[in-house]
Amino acid sequence: MARFEDWYDGARPIRVEGGIKARTRRGSIGSTWWSRRFIDILERVCDKGRLSRGRAYARQGQVLSIDLAAGEARAAVQGSRRDPYDVVIRIEAYGESRWAAVEESIAAQAVHRAKLLAGEMPAEIEEVFAALGIDLFPRDLDMDCSCPDWGFPCKHLSAVLYLLAESFDDDPFLVLAWRGRTREQLLGSLADDAADATADALRVDDVPFADRLADFYAPGATAHRPERRPSAAAPDLLLRVFPPPAGLAGPLEPAYRRLGDA
């Protein structure tokens, strides 16, 4: 049976060297809108006292490691016992069909696609997920820690959650990777969509030359815009384009006009 001090929140943790430390020394953690969004969710559903102690653990460097994969984050946190505690935080990772729908929706919005390709996280991306009936940021977290603390989430879990938020500051694509899509997969798909859209915009239908003989020499006419073809040459067009030699304009004008009418 574990001793009473194992449950006591005031027990001093064993100091470690080389742990992961939060950058902020005081105040809130998280500087970008996406990391703050994650923190806001945590602070609404988690005990504020334990979150506070978790921030202290994060700033002291008690978290030894964090490994994030699709649907799961695993960490080791040094507490008051000799052996570090094992922390696991799970969320739903979306499958291929859902991600295909997300990528299609993002690709349909040129601004969203351009921002993501530039390494930015557009705030409207939450709306893309919501329109498909899914969440970008988790509402429910399946969390577990090997410590004997009876509170939930314990300070070890809280420390990892805060450091996850800071890692999202550094790389917003980790939020998406946690949901099951790596940066390389998402940007590769969006780049392909962008290339296809550019190719479609530049594509010109090939019209056989034999089909163009009737209007090839007509001024301003194309096979795709027949409405621009003149129905008849202006009567004095030839006179303007090919003026007759000086002194012959009068005699030749009737002939020019008959030729233009023809």
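On the other side of helix H4 from its buried residues, Ser97 and Glu104 are exposed, where exposed denotes a relative accessible area over 50%, buried one under 20%, and partly exposed a value in between (1.4 Å probe, protein chains only). The structure is a predicted model, in which local features need pLDDT of at least 70 and side-chain atom pairs count only at pLDDT 80 or more, whereas totals for chains, interfaces and linings use all residues. Residues are numbered from 1 along each chain as its sequence is written, and side-chain values use heavy atoms, with hydrogens and water left out.

The buried residues of H4 are Trp99, Val102, Glu103, Ile106 and Ala107. These residues lie on the same side of H4, because the arc that they cover around the axis is only 130°, the arc being taken over the directions from the helix axis to the C-beta atoms. Helix H4 comprises 12 residues, 96-107, and spans 16 Å from its first C-alpha to its last, close to the 16 Å expected at 1.5 Å a residue; the expected span is 1.5 Å times one less than the number of residues.

For the protein as a whole, the secondary structure comes to 11 helices and four strands, both being DSSP runs numbered from the N terminus (helices H or I, at least four residues; strands E, at least two). Of the 262 residues, 36% count as buried. Among the contacts with a separation of 6 or more, 65% are between residues 24 or more positions apart, a contact being defined by heavy atoms within 4.5 Å.

The four strands form an open sheet in the order S1-S2-S3-S4, with antiparallel pairing; two strands are taken to pair if DSSP finds at least two bridges between them. Strands S1 (63-69) and S4 (142-145) stand at the edges and have a single partner strand each, so one side of each is left without a neighbour in the sheet. On average, neighbouring strands of this sheet are turned by 10° against each other, direction ignored, with axes fitted as lines to C-alpha atoms (for helices over the stretch in contact) and angles between N-to-C directions running from 0 to 180 degrees.

Six bridges connect S1 and S2 in the antiparallel sense, and Ala69 has Glu72 in S2 as its bridge partner. These two strands form a hairpin with two residues between them, and Gly71 in the turn has a positive phi of about 80°. Strand S2 (residues 72-77) is joined in turn to strand S3 (residues 85-90) by six bridges, again antiparallel; Glu72 has Arg90 as its bridge partner in S3, while Ala76 stands opposite Asp86. Between S3 and S4 there are four bridges, and these strands also run antiparallel, with Ile89 placed opposite Met143 in S4.

Helix H7 (residues 155-170) packs on this sheet, touching S1, S2, S3 and S4, and its direction makes about 55° with that of S3. The helix has 16 residues and reaches 23 Å from its first C-alpha to its last, close to the 22 Å expected. Since 15 of its 16 residues are buried, H7 is largely enclosed by the rest of the structure. Tyr162 lies in this helix and is buried, with a relative accessible area of 1%. Excluding residues up to four places away in sequence, Tyr162 touches Ile29, Ile39, Glu43, Leu51, Gly54 and Arg55. The C-alpha atoms of Tyr162 and Ser28 are 9.5 Å apart in space, although the two residues are 134 residues apart in sequence.

Ile20 is located in the loop between helix H1 (4-7) and helix H2 (33-45), and is partly exposed, with a relative accessible area of 32%. Leaving aside neighbours within four places in sequence, the contacts of Ile20 include Val63, Leu64, Ser65 and Ile66, together with Leu163. Ile20 and Gln60, 40 residues apart in sequence, are separated by 8.3 Å from C-alpha to C-alpha.

With a disulfide defined as a pair of cysteine sulfur atoms within 2.5 Å, the count comes to zero. Cys145 is in no disulfide, the nearest cysteine sulfur, that of Cys147, being 3.6 Å away, which is too far for a bond. Cys145 is buried, with a relative accessible area of 12%, and Cys147 is likewise buried, at 12%.
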